[in-house]
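User: I'd like to learn how to read strands, helices and chain symmetry in a model like this one. Could you walk me through it?

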2 protein chains.
Amino acid sequence: MRILHTTPKNDGFYMPAEFSKHYGCILIWPHRRDSWQNGAYAARKAFAQLIAAISKSEKVIVCARYEDYDSAREMLPPEVRVIEMSSDDSWARDVAPTFVTDGKEIRGIDWGFNAWGGLYDGLYFPWDKDNKLAKKMCDQIDKDCYDFRDFILEGGSIHTDGEGTLLTTEECLLSKGRNPEMTKEAIEQKLSDTLGIKKVIWLKRGIYHDETNGHIDNICAFTAPGEAVLAWTDDKNDPQYAISKGCLDILESSTDAAGRKITVHKLPLPKPVHITEEECEGLDNMDGEPTRTAGERLAASYVNFYISNGAVICPQFGDDNDAQAVRILQSLFPDREVIGIYSRDILIGGGNIHCITQQIPYFER
Amino acid sequence: MRILHTTPKNDGFYMPAEFSKHYGCILIWPHRRDSWQNGAYAARKAFAQLIAAISKSEKVIVCARYEDYDSAREMLPPEVRVIEMSSDDSWARDVAPTFVTDGKEIRGIDWGFNAWGGLYDGLYFPWDKDNKLAKKMCDQIDKDCYDFRDFILEGGSIHTDGEGTLLTTEECLLSKGRNPEMTKEAIEQKLSDTLGIKKVIWLKRGIYHDETNGHIDNICAFTAPGEAVLAWTDDKNDPQYAISKGCLDILESSTDAAGRKITVHKLPLPKPVHITEEECEGLDNMDGEPTRTAGERLAASYVNFYISNGAVICPQFGDDNDAQAVRILQSLFPDREVIGIYSRDILIGGGNIHCITQQIPYFER
């Protein structure tokens, strides 16, 4: 693996869309006891169900800590590769490399990672193992790695259509805990240099009470060039309504890099989901303080799906809207099977299916 | 990766010779402070020189502990893959899988490992990380793994000609710290079932003062079917003389699995090598006791070479016989370049070039 200090754009590389063909997918076996209740017991079952679904149509590589290797190996299908890899938590979307392609070869990008806000408003300390994971994953799959560790970015804060358009939120990319010294224009330039982006569409905020400072991947996602889904509620008394309405207004008044209007498909939200006292009791404290409080609202959204080669795997919450979310996604992805997975035990950790996956694009060499 | 409980022999698999075509080679980045002097500083330089030489003609995968990844990555060429992997020490020959092939596909064997003798006369405790490495390496390269953890065996204690003959020593395979409940016949049966061996040639002992209980790979190795090199001294006052003479007598009176007489090439030993006081001072104590004593004789031998696709890489000790050893090996491997590497800093750890390498045979799929 070469460490590269050039820019993908100058080298002819760009970030493909998630709905482009994959080589595979990276996940991290959950272990952190203040993120995942009961020693991650329930989370591991949910991860295993997801991994089995993804591995039907692409290669899955699961990172496990030394002490968790046997647990992962035993719970996962044989076609899944389990590799030893240290991590602070299990959010592959945010700590694994973002991959770029020139159409034949892929390379990884190693962004800086500071646990969603560093010492300003990050979620845990330290985060050194997570921050080292991207480079090591490139080594794992024997692909060169761009060093952009001086720029803080998580994969969950960006979505691209693979044709030059990027979706993100101001709440996250302009947050004080990321790159406070950079202007909006400087950030756009960085996204252009690194991902080949020609047009950034800035939504204001992400899902209400999303502790990632409003990652885009929980509220809005491209389903095709010129098409996006948006998390939606009709309940005007819900603080989420104004947020989603603000996103809709921006999307409907925007054009993408190719000059197209964007067709927005509303994806209904489940009713607000709150963590129970029993669930909170299953979480270790962090530095003597609980990480969650009983009754706290969790950032549940169907937008947090993963697109594999053969499927779209969508969170389910035991909500009346579960089936409707699957139906809408199935209409938008007619060539893939939409699979719902009950993911409350992932949600409790602070994210969902998209947050715990990172695709590796297909490559010829 | 599937965990297999059948036998390679029944599945049509056997262990190919080291001089057959390789996919690559596995090594482990040294770190153990009671094995490698001065925090493995000098050892790492020697490992890096060896790895660079091997990587010229085959893929090299280097296992590094989490905390050593950056050191390995920075000291090694970019074409080498560095992966995170916990280990107790750095003897890939003995802890990485032994691979078997059916001519197209390869599979790994996960032997039991107990640090060369377990609680009887093993060299360190615990050894759990080493014992878990073989299975995890199979997962790394996405190859199925035979579970033979109930049989204690190190790769350094066997050499095969790839045509059904295996060389080993009674000192090691019949040692009380390995499989004391098994008869010689039962061990032969196990080598047959696992490696496809039809004929075992039992030498009595390995190199004088070799702390592995006389591993074969330090005293005798096949260079081709029907041809072997034997570590040799003409000094009848050296305790090594009787050992080598005993081996010679057995070899010259043996035939291999194909019924051939074995041509033995004497490879001269260097003059006895002793560890210095300064070298000992660079080693941490183990459980309050020094691991080596100044003046202790080290098991130096030119037989501990590694055969890569394009080269034979041979230990050098700054001895008058260094050049002669290279010349003899060059005459036996006319199609490969014989490269000498000064390896005193590996020898201090207790082994040499062959001990820290494990080949991955070539595979088609």
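Analyst: Gladly! Let's begin with terms: two strands pair if DSSP finds at least two bridges between them. Helices (H or I, at least four residues) and strands (E, at least two) are DSSP runs, numbered from the N terminus. This is a predicted model, in which local features need pLDDT of at least 70 and side-chain atom pairs count only at pLDDT 80 or more, while totals for chains, interfaces and linings use all residues. Residues are numbered from 1 along each chain as its sequence is written, and chains are lettered from A and ligands numbered from 1 in the order in which they are written.

User: Which residue of β18(A) is the bridge partner of Q316(A)?

Analyst: That partner is Y342(A). Strand β17 (residues 311-316) of chain A runs parallel to β18(A), and six bridges join them. Both belong to an open sheet of three strands, ordered β16-β17-β18 in chain A, with mixed pairing. Its edge strands, β16 (306-307) and β18 (337-342) of chain A, each pair on one side only.

User: How do I read a helix for its buried side, say in α9(A)?

Analyst: Start with the general idea: an α-helix has 3.6 residues a turn, so residues three or four places apart point the same way. A residue counts as buried if 20 or more other C-beta atoms lie within 10 Å of its own, exposed if 12 or fewer, and partly exposed in between, with C-beta atoms placed from the backbone. In α9(A), the buried residues are Q240(A), I243(A), S244(A) and C247(A). Down the axis of α9(A), they fall within an arc of 90 degrees (taken from the directions from the helix axis to the C-beta atoms), so they line one face of the helix. The face turned away from that buried side carries the exposed residues D249(A) and E252(A).

User: Which strands do the buried residues of α9(A) pack against?

Analyst: They pack against β10 (199-203), β11 (220-224) and β12 (227-232) of chain A. Contact here means that the C-beta atoms of two residues, placed from the backbone, lie within 7 Å.

User: What rotation superposes chain B on chain A?

Analyst: Copies are superposed by least squares on the C-alpha atoms of residues with pLDDT of at least 70 in both. Here the rotation is 180 degrees, with 0.0 Å of shift along its axis and an RMSD of 0.0 Å. That is the relation of a two-fold axis. In chain B, the C-alpha nearest the axis belongs to E84(B), 3.1 Å from it.
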